[in-house]
Amino acid sequence: MAMLSENEHPVKAFGWAARDSSGHLSPFKFSRRAIEEKDVTFKVLYCGICHSDLHNVKNEWGITSYPVIPGHEIVGVVTEVGTKVTKFKVGDKVGIGCMVGSCHSCANCKDNLENYCPKMILTYGTKYYDGTITHGGYSDIMVSDEHFVIKIPDNLPLDGGAPLLCAGITVYSPLKYYGLDKAGMHLGVVGLGGLGHMAVKFAKAMGLKVTIISTSPNKKEEAVDHLGADGFLVSRNIEEMQSAMDTMDGIIDTVSAVHALLPLIGLLKTNGKLVMVGAPEKPLELPVLPLLLGRKIVGGSGIGGIKETQEMIDFAAKHNIVADIEVIPMDYVNTAMERLLKADVKYRFVIDIANSLKPI
């Protein structure tokens, strides 16, 4: 086994980075931080493109520092491990999602909720403990503390499995936490994109009745025939929406655009739960009276802790759940970003890093 001692020199790496708010990505040489005794190093094979990558390369959230190497749906094979690594060995299939660090001492960390740690360190664009800036998976290698590395079961395809590390856990966690995982329940899923199609797959595997709620009537055939949804509502069709009033136990709302919540609250039964996992840039209007009259809840959820992410990956492997993907070469990434902006993908781009990322 290739073992590494503490305080090795930084690791030379290469990838594709955005250098300004145009968001244009191009080849970039950089160094990974010095490898420590509990670190795992792995060769990146595939990396999914998340919508947040698009926001970040264009600095649409106002938090980007350039150059930025995006990517937090990363899978590959372990090449080296630190001297105190216990969970992984060379040759293991592994992944990293949205975070690579947390404080390990706050109440959230102690409750396996590192994703809500005030000191959470994101996989890219955040300062690490040693002062270096983290870089994501549009690159040849990753280095991470073993605590934040996910083991990928052998039967889970790496390309289709990569998006589970963000899109998958983003919908799995609220299904579990809000109790919307009981067979026979009726779940609504708003939006049929990267998150929405994963919500359908997980909910169906849990035994739920699933209805897609979309502004696009032309997605009905895809939703029902391909993804296995039980129903489809066009949110602009008032008659369709009224016919489904008071029928749903819960709704997972994946939409990031500004949209009306009142019609969705109306679909919920008494005690129903509307859970937001999309992040619109402007505040949404929340009518309170319908919540009072039906003891209904509007909640939120953001990714999941490491323990739950591993649980989600194992569940996906058991039930043969993968994302519907379009695999692309590294040099297609700027075109993919343009298409993503137009929602022109079913349903996730995944970069074939191993076969297309050329050394500089």
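1. Helices (H or I, at least four residues) and strands (E, at least two) are taken here as DSSP runs, numbered from the N terminus. By that numbering, helix α10 is followed by N320, whose phi is positive, near 55°. This is a predicted model, in which local features need pLDDT of at least 70 and side-chain atom pairs count only at pLDDT 80 or more, whereas totals for chains, interfaces and linings use all residues. Residues are numbered from 1 along each chain as its sequence is written, and side-chain values use heavy atoms, with hydrogens and water left out.

2. Helix α10 (residues 306-318) has 13 residues, and its end C-alpha atoms are 18 Å apart, which agrees with the 18 Å that it should span at 1.5 Å a residue; the expected span is 1.5 Å times one less than the number of residues. An α-helix has 3.6 residues a turn, so residues three or four places apart point the same way.

3. The domain assignment of the protein chain, whose bounds come from an automatic or database domain assignment, gives domain 1 (11-166 + 323-352) and domain 2 (167-300). The centres of domain 1 and domain 2, taken over C-alpha atoms, are separated by 28 Å, and the contact takes 12 residues from domain 1 and 15 residues from domain 2. About 1100 Å² is buried between domain 1 and domain 2, with carbon and sulfur atoms giving 49% of that area; buried area is the accessible area (1.4 Å probe) that two parts lose on being put together, summed over both. In domain 1, the residues that lose the most area to domain 2 are L164, D324 and Y347, which together account for 51% of what that side buries.

4. R348 lies in strand β18 (residues 348-352) and is buried, with a relative accessible area of 8%. Its side chain makes a polar contact with the side chain of E73 at 2.6 Å, a polar contact being a pair of N or O atoms within 3.5 Å, where within protein one must be able to donate a hydrogen and the other to accept it, and residues adjacent in sequence count only if both atoms are side-chain atoms. Not counting residues up to four places away in sequence, R348 touches several residues, among them I49, C50, H51, P163, C166, D324 and E326.

5. A search of the whole structure finds 0 disulfides, a disulfide being a pair of cysteine sulfur atoms within 2.5 Å. For C47, the nearest cysteine sulfur is that of C50, 9.8 Å away, and for C103 it is that of C106, 3.6 Å away. C47 is buried at a relative accessible area of 0%, whereas C103 is partly exposed at 25%.

6. G71, found in the loop between α1 (51-57) and β5 (74-82), is buried at 0% relative accessibility. Leaving out residues up to four places away in sequence, G71 touches C47, D53, T123, Y124, G136, G137 and Y138.

7. T126 is placed in the loop between β8 (121-122) and β9 (141-145) and is buried, with a relative accessible area of 18%. Apart from residues up to four places away in sequence, T126 touches I121, T132, I133 and T134.

Methods:
Buried < 20%, exposed > 50% of the residue type's maximum accessible area, 1.4 Å probe, protein only. Contact = heavy atoms within 4.5 Å.
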